[in-house]
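Here's a quick walk through one model, going from strand pairing to helix packing. Have the structure open while you read.

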Amino acid sequence: MKIEVLGTGCSKCQALMQATKEAVAKSGKFAQIDKVEDSIAIMNYGVMSTPALVIDGVVKSSGKVLSVDEILALLA
């Protein structure tokens, strides 16, 4: 599983990254988690507001920080 957190490094982006790491640890699944800060790469996903969460190439959330439980539900 490949997970990408899209954002410019703002506090919300950092919070989503931390919540994503916690959710993956709780899920017991193996996932590669990458932070994407390049604005062109972010635009290639069609994301207009950050932070955004991409799982296996599909945008699952954009413009808000998800809770650990919300991310766990997306990983199931």
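## Strands first, then the helix

E1 and E3 run antiparallel and are joined by 4 bridges. Keep in mind that this is a predicted model. Within that pairing, Glu4 sits opposite Val54 of E3.

E3 also pairs with strand E4 (residues 58-62), again in the antiparallel sense and over 4 bridges. Here Ala52 has Ser62 in E4 as its bridge partner. The hairpin of E3 and E4 has 2 residues between the strands, and Asp56 takes a positive phi near 50° there.

What about the two faces of E3: covered or open? Both are covered, with Ala52 and Val54 buried on one side and Leu53 and Ile55 buried on the other.

Now for helix H1 (residues 11-27). Its 17 residues should span 24 Å at 1.5 Å a residue, and the end C-alpha atoms are 24 Å apart, so the two agree. The buried residues in H1 are Cys13, Leu16, Met17, Ala19, Thr20, Ala23 and Val24. Residues three or four places apart in an α-helix point the same way, because there are 3.6 residues a turn. The cover over the buried residues of H1 includes strands E1 (2-6), E2 (32-36) and E3 (52-55), plus helix H3 (68-75).

| Residue | Where | Phi |
|---|---|---|
| Gly28 | just after H1 | about 80° |
| Asp56 | hairpin of E3 and E4 | near 50° |

Notes: Residues numbered from 1 in each chain as written. Predicted model: local features only at pLDDT ≥ 70, side-chain atom pairs only at ≥ 80, totals over all residues. Heavy atoms only, no water. Expected span 1.5 Å × (residues − 1). Buried < 20%, exposed > 50% of the residue type's maximum accessible area, 1.4 Å probe, protein only. Contact = heavy atoms within 4.5 Å. Pairing = 2+ DSSP bridges.
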